[in-house]
2 protein chains.
Amino acid sequence: PRPAPYCFSFREELSMLETAMFAICKVFHKYCNVEGNTCKLKKPELKELINNELPQFARQMQDSWTLDQLFTNVDEDGDLQISFQEFITLFSMVIVTCYKAYVHD
Amino acid sequence: PRPAPYCFSFREELSMLETAMFAICKVFHKYCNVEGNTCKLKKPELKELINNELPQFARQMQDSWTLDQLFTNVDEDGDLQISFQEFITLFSMVIVTCYKAYVHD
C-alpha cells in the first residue's frame, strides 16, 4: 500500500524527522528545473547541488569516480535528468555511509 | 562504486542537506537497539519512532494498514528487526509523497 501525500502546511511544529524531510525537499527544489509540473535536475544542477550541499561527497567524487559515472548510475530511467525519486536513491546511498561514520564517532 | 564513509566530526558548519542527514541518523539512533555493533529497531521501537517522529504517517497507518503490514514490508531480510538501510527505504517512500505535497503547497 502507498501512503497518501504527507502534508505539512497545516502543522506549525514539526518533529526532527519531519524538519529533515522538509529540508531535503527544499534543497532539491532550490536546484531543480521546473518545467510544467515536473521538477528535475540536469547534470550541471546536480553538480552544483553536490558541490554546495555535500562538499565531503564532492571531494570524494574527484578522487574515486566522475560526475558522469554518478549521473549515469542515478539516472535510472535514462532521460538525462534526475527526478526527486532518483535523487533520494543517491541520498540513501550517501546517508547509509553517513550513519556508519555516525555510529563510529 | 561505493562512496567512502561520510564523516562529520571534523567539520563545524554543516550544509542544510548534511544537517538533515545528521538529524535522520540521530533520530534512528535514539530509538534503535544497540547489540554489539548492530543498531536495529524492533517492532515496538519502530512504532514509537513513527508515532513520535512521523505523526501524520502514524495517523494514516491507523486508517489504511497496520504496523504489522508495514513492518513486514520494511523488514527486507526478515530478521524481525529494522536496520538503518531498511529504515531509509521506508523514509524514502514517505519523503517522495512529502515532496509531492511540498510542490503542490
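Predicted model: local features only at pLDDT ≥ 70, side-chain atom pairs only at ≥ 80, totals over all residues.
User: In what order do the elements of chain A run from the N terminus on?

Analyst: Chain A is built from five helices and two strands. Its 105 residues include a buried share of 52%, and among its contacts with a separation of 6 or more, 41% join residues 24 or more positions apart. Read from the N terminus on, the order of the elements is α-β-β-α-α-α-α.

User: How are helix 1 and helix 2 of chain A oriented to each other: roughly parallel, roughly antiparallel, roughly perpendicular or oblique?

Analyst: The residues that meet are A:Val27, A:Phe28, A:Lys30 and A:Tyr31 on the side of helix 1, and A:Glu45, A:Glu48, A:Leu49, A:Asn52 and A:Glu53 on the side of helix 2. The two axes lie 9 Å apart, at an angle of about 135°, and the crossing is right-handed. Since roughly antiparallel requires an angle over 145 degrees and roughly perpendicular covers 65 to 115, helix 1 and helix 2 of chain A are therefore oblique to each other.

User: Helix 1 of chain A also packs against helix 1 of chain B; what is the relative direction of these two helices?

Analyst: Residues of helix 1 in chain A, including A:Leu17, A:Ala20 and A:Ile24, meet residues of helix 1 in chain B, including B:Leu17, B:Ala20 and B:Ile24. The axes are 9 Å apart and the packing angle is about 150°, while the handedness of the crossing is left-handed. Because an angle over 145 degrees counts as roughly antiparallel, the two helices are roughly antiparallel.

User: What is the handedness of the crossing between helix 5 of chain A and helix 5 of chain B?

Analyst: These helices span residues 84-104, and their axes come within 10 Å, crossing at roughly 145°. Among the residues that meet there are A:Phe84, A:Ile88, A:Phe91 and A:Ile95 from chain A, with B:Phe84, B:Ile88, B:Phe91 and B:Ile95 from chain B. The crossing of the two helices is right-handed.

User: Is B:Ser92 buried or exposed?

Analyst: B:Ser92 belongs to helix 5 of chain B. Beyond its neighbours within four places in sequence, B:Ser92 is in contact with A:Ile88 and A:Ser92. Because its relative accessibility is 12%, B:Ser92 counts as buried.

User: Which residues does B:Ile95 touch, leaving out those up to four places away in sequence?

Analyst: B:Ile95 is likewise placed in helix 5 of chain B. With a relative accessibility of 0%, B:Ile95 counts as buried. With residues up to four places away in sequence left out, B:Ile95 touches A:Met21, A:Ile24, A:Cys25, A:Phe84 and A:Ile88.

User: How many residues does the largest nonpolar core have?

Analyst: The residues with the most contacts inside this core come from both chains, namely A:Ile24, A:Phe84, A:Phe87, B:Ile24, B:Phe84 and B:Phe87. B:Ile24 illustrates how the chains join, for, not counting residues up to four places away in sequence, B:Ile24 touches A:Leu17, A:Ala20, A:Ile24, A:Phe91 and A:Ile95 as well as B:Phe84, B:Phe87, B:Ile88 and B:Phe91. The number of residues in the largest nonpolar core is 70.

User: Which backbone oxygen lies 2.6 Å from a polar atom of the side chain of B:Ser15?

Analyst: B:Ser15 is located in the segment before helix 1 of chain B, and because its relative accessibility is 11%, B:Ser15 counts as buried. Apart from residues up to four places away in sequence, B:Ser15 touches A:Asn52 and A:Glu53. The backbone oxygen at 2.6 Å from the side chain's polar atom is that of A:Glu53.

User: Which backbone nitrogen does the side chain of B:Asp77 reach, and at what distance?

Analyst: B:Asp77 sits in the loop between helix 4 and helix 5 of chain B, where, at 48% relative accessibility, B:Asp77 counts as partly exposed. Setting aside residues up to four places away in sequence, B:Asp77 touches B:Lys40 and B:Glu86, whereas the C-alpha atoms of B:Asp77 and B:Tyr31 are separated by 20 Å. The side chain of B:Asp77 reaches the backbone nitrogen of B:Asp79, at 3.2 Å.

Key:
Residues numbered from 1 in each chain as written. Chains lettered and ligands numbered in written order. Heavy atoms only, no water. Core = buried A, V, L, I, M, F, W, Y, C linked by side-chain atoms within 4.5 Å. Buried < 20%, exposed > 50% of the residue type's maximum accessible area, 1.4 Å probe, protein only. Contact = heavy atoms within 4.5 Å. Helix = DSSP H or I, 4+ residues; strand = E, 2+ residues; numbered from the N terminus. Polar contact = N/O pair within 3.5 Å; in protein donor to acceptor, adjacent residues only side chain to side chain. Axes fitted to C-alpha atoms, helices over the stretch in contact; angles between N-to-C directions. Parallel < 35°, antiparallel > 145°, perpendicular 65-115°, else oblique. Left-handed = near helix turned anticlockwise from the far one by under 90°.
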